[in-house]
Amino acid sequence: VRIKWSVAKHSGVGQAWSRAGMLGASDVLARIRPVSALVSTAMGRRWPTDRSWTESMVRSDAAIRSTGWWMKGSGALEACERPLEAPGPGACIVRVAGCGLCHTDVGFLFEGVRPRAPLPVVLGHEISGEVVAAGEGAADLLGRAVIVPAVTPCGACAACRAGQGTICSRQCMPGNDVHGGFQTHVVVPAQGLCSVDDPAALAGG
């Protein structure tokens, strides 16, 4: 599993943060490096392949275990291993091939920004991987290489029906609303998953 660098590589971003009185590029890099090293070390091992909007998205016949790192408090990442319940209707389990490290994750971990999910929570919302389990209505995605949207609107509320999914109050953001991609497997909504024709691209091939 690879952790991709997605922030602070471009000086313009760091300069913008500095002008806003926020973190400069060098500060961001200093904070990201230890996080990236920790997560890469844990997830670079070969682990066995075997929460979403509502609890109806998972069932109790669990078979897959996920290993990774979760945030237990400010600046505190801890290794975790837990069983994943089988995906319910409209949900999938994705085996993570890679997860980008975003400034949002840095904000959660170091800057006092609170994720919406209760702690501990696995961070990471820039996820790619392979669908290894699929709930009702998502069987066509099984075995597909996919990109997971950073935020998925529910598609059913008044805002979504009006074409304003960006203000959906029930939207699902991995690493914020539910456990994210700094682990070997993640449960996500099937809606919005983007299939990739070349699975090797997700593995860096």
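Five strands make up an open sheet in this predicted model, lined up in the order E6-E3-E4-E5-E7 with antiparallel pairing. Strands here are DSSP runs of E with at least two residues, helices are runs of H or I with at least four, and both are numbered from the N terminus. Two strands pair if DSSP finds at least two bridges between them. Strands of a sheet pair through backbone hydrogen bonds, either parallel or antiparallel.

Which strands stand at the edges? They are E6 (185–189) and E7 (194–196), and because each has a single partner strand, one side of each is left without a neighbour in the sheet. From one strand to the next, the twist averages 45°; axes are lines fitted to C-alpha atoms (for helices over the stretch in contact), with angles from 0 to 180 degrees between N-to-C directions. Take a look at E5 (residues 145–148), which pairs with E7 in the antiparallel sense over 3 bridges. Ala-145 has Val-196 in E7 as its bridge partner.

A word on how to read the numbers: residues count from 1 along each chain as its sequence is written. In this predicted model, local features need pLDDT of at least 70 and side-chain atom pairs count only at pLDDT 80 or more, while totals for chains, interfaces and linings use all residues, and side-chain values use heavy atoms, leaving out hydrogens and water.

Now for the inside. A nonpolar core is a set of buried Ala, Val, Leu, Ile, Met, Phe, Trp, Tyr and Cys residues joined through side-chain atoms within 4.5 Å. Buried means under 20% relative accessible area, exposed means over 50%, and partly exposed is in between (1.4 Å probe, protein chains only). The largest core has 27 residues, and Cys-92, Val-94, Leu-123, Val-131 and Leu-193 touch the most other members. Its largest share, 4 residues, comes from E3. Apart from it lies another core of 6 residues, including Leu-84 and Ile-93.

| Residue | Location | Relative accessible area |
|---|---|---|
| Met-71 | strand E1 (residues 64–73) | 3% |
| His-125 | loop between H3 and E4 | 6% |

Contact means heavy atoms within 4.5 Å. Leaving aside residues up to four places away in sequence, Met-71 touches several residues, among them Phe-108, Leu-119 and Leu-123. The C-alpha atoms of Met-71 and Leu-119 are separated by 6.9 Å, although the two are 48 residues apart along the chain.
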